[in-house]
Structure formats: C-alpha cells, structure tokens
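Thanks for coming. I have one model to go through today, and I will keep it brief.

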Amino acid sequence: MTAVVWKGRSERTPTMEEITEDPPTSAILLDHCHFSQVIFNSVEKFYVPGGDVTCYYTLTQHFLPRRKDWIGIFRVGWKTTREYYTFMWVTLPVDVNSDSAKQQEVQFKAYYLPKDDEYYQFCYVDQDGVVRGASIPFQFRPENEEDILVVTTQGEVEEIEQHNKELCKENQKLKDSCVSLEKQNSDMQAELQKNQEELETLKSINKKLEEKVKEQKDHWETELLQLKEQNQKMASENEKMGVRVDQLQAQLSTQEKEMEKLVQGDQDKTEQLEHLKKENGQLFLSLTEQKEHQKKLQQTVEEMKQKETTAMKKQQELMDQNFDLSKRLSENKIIYDVLQREKENMERENDLLKRENSRLLSYMGLDFDSLPYQAPTSDQGGAGQNPRLVYGNPYSGIQESSAPGQLSIKKCPTCNSDLADDIFDPTLEQQHMQSLCLNCPICDKVFPAKEKQIFEDHVFCHTL
C-alpha cells in the first residue's frame with residue numbers, strides 16, 4: 001500500500017474522547033502493518049455531510065481485540081498512526097469465540113467528521129499502535145444524480161485509483177525535490193553570507209595594514225630627513241661616524257625589505273578578494289539556474305493536472321455514450337419482441353382460419369387442395385358465394401358471421417386488451433407496449449408496469 005502525507009496531525013479536529021485521553025499511536029511504517037486481521041464491511045463510496053457514520057467491521061479468527069484498540073479515520077496518504085483525523089474506542093465483545101462477537105460496529109458523530117471532500121479510510125489500530133485493518137477509500141460529500149445513474153466497473157475504479165496513486169507519488173517526488181532545492185538554496189545563501197562577512201573582515205584587515213604601512217613610511221621619511229640633517233651637521237665628523245652610517249643604512253635596507261613583504265602581502269590579499277568575487281558570481285549563476293529548474297518543475301506539475309482533468313472528461317463522455325447505446329438497444333429489443341409476438345399471433349390466426357376452412361370444405365364434400373386459389377376482393381358479398389351452387393352456399397352466413405370476429409379484433413399479449421384491426425398501427429402498438437413495460441437501462445431486463453417497486457429496487461441494486 002502506498003501512502004503520501006498530505007497534512008500533519010495538528011490539522012485534525014479532536015473528538016470528545018481525545019480531550020480525556022489520546023489513543024496509542026506509533027511511528028511504525030506501513031510495511032510492518034497487518035491489514036488483513038480486521039475486515040471492514042459495507043463501506044460506502046461517500047457519506048453525506050451532517051449525518052452520523054456507522055463503521056461495520058469483522059474480526060478474523062486469529063485476532064483478539066484488546067481494551068486500548070481504536071478505529072480512526074485517516075486521510076488517504078497517511079504514513080503513521082499519529083496522522084488520524086478522529087477516532088473511536090472499540091467495544092470488547094463478551095464472548096470472543098462466538099460468531100456475533102466477530103461482527104462489530106462503531107458510530108462516529110457528525111460533529112467530529114471531516115468537512116472537506118478529500119478521500120478518507122477507516123483503520124483499526126491496536127493498543128501497540130499497529131494497524132490491523134484498513135477499509136477502501138471514501139468521501140464526505142452530498143449525493144448527486146451522477147452517483148445514481150453512472151455505473152463504473154471495479155476494474156475502472158482500480159485503474160483510476162492506481163493512476164491517482166501514481167500521480168500522488170510523482171507529486172510527492174516533485175515536492176521533495178522542491179524542498180531539497182530550497183534547502184540547497186538556503187545553504188548557499190548562508191555560505192554566501194559567510195563569504196561576504198569574511199570579505200568584510202579581509203577589507204578591514206587590509207585597511208589597517210595600509211594605515212600601518214603609511215604611518216611607518218611617514219616615520220621612515222621623517223627619520224631619513226633627520227639622518228640627512230645629522231649628516232650635514234656631522235660632515236666634519238664623517239670619518240668618525242662612518243660606522244654609524246653603515247648601521248643606519250643596514251637598518252634602512254631591512255625596513256625596506258619588510259615594506260616589500262607588506263606590499264606583497266597586500267597584493268596577495270587583493271588577489272584572494274578577486275577570487276572570492278568570482279566564486280560569488282558562480283554561486284549566483286548556480287542559484288539562478290536552480291530557480292529556472294524549479295519553475296520548469298512547477299510547469300510540469302500543472303501540465304499533469306491538466307492531463308488528468310482531460311482524462312476524466314473523456315471518461316465521462318464515454319460513459320454517457322455507453323448509456324445512450326444501452327438505452328437504444330433496450331428500445332430496439334422491446335420493438336423486436338413486440339413484432340415477434342405479433343407475427344406469432346398472425347400465424348396462429350392464419351392456422352385457425354385454414355383449419356376452419358378445411359372443416360367447412362370437408363363438410364361440403366370438397367377438398368381444399370383441389371380448389372383453385374382465388375385472391376380476396378373488397379366485395380365480400382359477391383366473393384362469399386360459390387357460382388356453381390344454384391341456391392348459394394348454405395354456410396356462407398355462418399362463415400361471414402364468424403370471420404369478422406376473428407379478423408377485426410386482436411388481443412394484446414401483455415394486458416389481454418382488445419385492439420381493433422381497422423385502427424391498428426405498429427407505432428401505436430409499440431407505444432402501447434412501452435406504456436405497459438418498464439425496461440432496466442443497465443441489464444435490459446423487462447418488468448410489467450404494475451411491478452414498479454420491484455423495478456426501482458432492481459435498478460437501485462446496480463448502484464451498490
């Protein structure tokens with residue numbers, strides 16, 4: 001089972017039981033849980049907000065409930081049992097081994113249920129904080145017509161759920177990547193701030209060194225002037241002070257070397273400062289590239305959301321087309337059945353007329369097969385008499401009096417009502433049959449109009 005954390009425990013609404021005592025939870029991951037020891041029954045696809053929700057569950061024969069076991073409502077995507085939204089303590093059965101003890105239920109009050117339309121599920125958690133059973137996902141939202149008319153197969157539901165889980169995984173990966181990039185950005189900002197502080201420190205040290213070099217250079221220039229004045233005054237004593245002059249020159253040479261070293265150190269610090277500036281520029285470019293990559297990731301997420309919306313719309317269109325085709329098929333089937341019954345009635349009537357005609361001819365001593373075929377005419381009076389008989393057909397009155405009753409009146413095969421042939425129309429008969437029948441739009445099963453309640457119960461069973 002794959003879980004994605006949407007929100008933490010701090011965003012749920014506490015129940016009355018939580019005010020007195022929190023349920024036992026743990027940080028155990030989903031891989032160490034046993035979801036088959038408690039089975040949840042009769043879980044709806046969605047529950048209407050504002051009403052209490054009853055949770056039915058069954059304890060397996062190898063599982064023994066304990067006093068601190070509880071059932072919580074978790075948002076789909078949870079990772080640990082600490083992320084419950086609300087919970088209820090389970091009731092321990094009196095006799096654990098009885099069959100009635102295996103079937104249990106708890107009721108969640110409407111006040112403590114979620115108010116959004118996210119997907120949630122029931123989870124049975126024992127007193128050690130380990131999940132022992134989980135239900136299918138459901139929502140809290142109002143009922144609409146689509147929930148009654150649209151029928152989705154279990155395979156399509158599993159495929160949609162699998163697709164949603166994959167999207168959630170990919171979304172979580174993108175979120176993790178975004179967090180990692182933000183952390184990396186923060187670390188680079190801290191490092192940049194540290195480098196700027198070091199740069200300011202180096203600038204301060206360089207400034208102090210420059211002031212010190214300037215002061216020492218001024219001091220050296222003053223001392224050199226003094227030495228020149230002493231040299232002029234002591235020109236006469238040049239020979240005596242030669243050694244002193246050599247010492248001063250050696251001291252001056254040493255100081256000049258130190259000054260060169262200080263200047264060289266200043267140049268090294270300047271080069272180091274330039275190097276730090278280059279590194280700062282590279283870090284800024286890297287930060288800019290990361291921001292652009294983050295924008296691309298956000299655009300990818302938006303495109304995936306649009307694709308998901310398009311797929312949902314296309315699925316809805318296909319389901320509507322399937323419903324229309326099913327309805328047309330059921331109508332054609334009804335018309336076919338009506339025509340088939342009409343054909344059978346006509347064939348039965350034709351057989352009755354043939355048998356009656358054969359009986360009359362045999363009574364008259366004639367053979368039906370030996371008579372020439374004569375097409376019926378509109379003048380029933382002239383055609384009904386045999387020209388070979390001088391006094392006419394003595395049974396023509398019987399035949400004429402009995403024939404209209406067979407040809408002019410037709411029985412409805414469903415309600416046994418009379419349908420007159422002089423006003424008979426196939427369209428009217430079809431409308432008559434549709435008014436007497438109720439056709440299931442799902443499985444094409446036909447119900448009589450007087451069994452309307454059975455028909456409505458049958459259609460409602462398809463939505464379960």
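First, a definition: helices (H or I, at least four residues) and strands (E, at least two) are DSSP runs, numbered from the N terminus. Residues are numbered from 1 along each chain as its sequence is written, and side-chain values use heavy atoms, with hydrogens and water left out. This is a predicted model, in which local features need pLDDT of at least 70 and side-chain atom pairs count only at pLDDT 80 or more, while totals for chains, interfaces and linings use all residues.

Now the chain as a whole. It has nine helices and 13 strands. Of its 464 residues, 24% count as buried; buried means under 20% relative accessible area, exposed over 50%, and partly exposed in between, with a 1.4 Å probe and protein chains only. The accessible surface, by the Shrake-Rupley method with a 1.4 Å probe, comes to about 33,000 Å², and 53% of that belongs to carbon and sulfur atoms. Contact means heavy atoms within 4.5 Å. Among contacts with a separation of 6 or more, 67% are between residues 24 or more positions apart.

Next, a sheet. Four strands form an open sheet in the order S5-S4-S7-S8, with antiparallel pairing; two strands pair if DSSP finds at least two bridges between them. Strand S5 (84–89) and strand S8 (131–134) are at the edges and have a single partner strand each, so one side of each is left without a neighbour in the sheet. On average, neighbouring strands here are turned by 25° against each other, direction ignored; the axes are lines fitted to C-alpha atoms. Strand S7 (residues 120–125) and S8 run antiparallel and are joined by three bridges. Val 125 stands opposite Val 131 in S8.

Ser 42 sits in the loop between strand S1 (38–41) and strand S2 (46–47). Its phi is near 55°, a positive value in a residue other than glycine. Is Ser 42 buried or exposed? Ser 42 is exposed, at a relative accessible area of 57%.

Asp 444 lies in the loop between strand S12 (437–439) and strand S13 (446–448). Phi of Asp 444 is near 65°, again positive in a residue other than glycine. Asp 444 is buried, with a relative accessible area of 16%.

Last, an annotation. UniProt, in an unreviewed entry, lists residues 437–462 as "domain: UBZ1-type"; such annotations may be inferred rather than shown by experiment. That span is 42% helix and 23% strand, and its end C-alpha atoms lie 19 Å apart.

Methods: Axes are lines fitted to C-alpha atoms, for helices over the stretch in contact, and angles run from 0 to 180 degrees between N-to-C directions.
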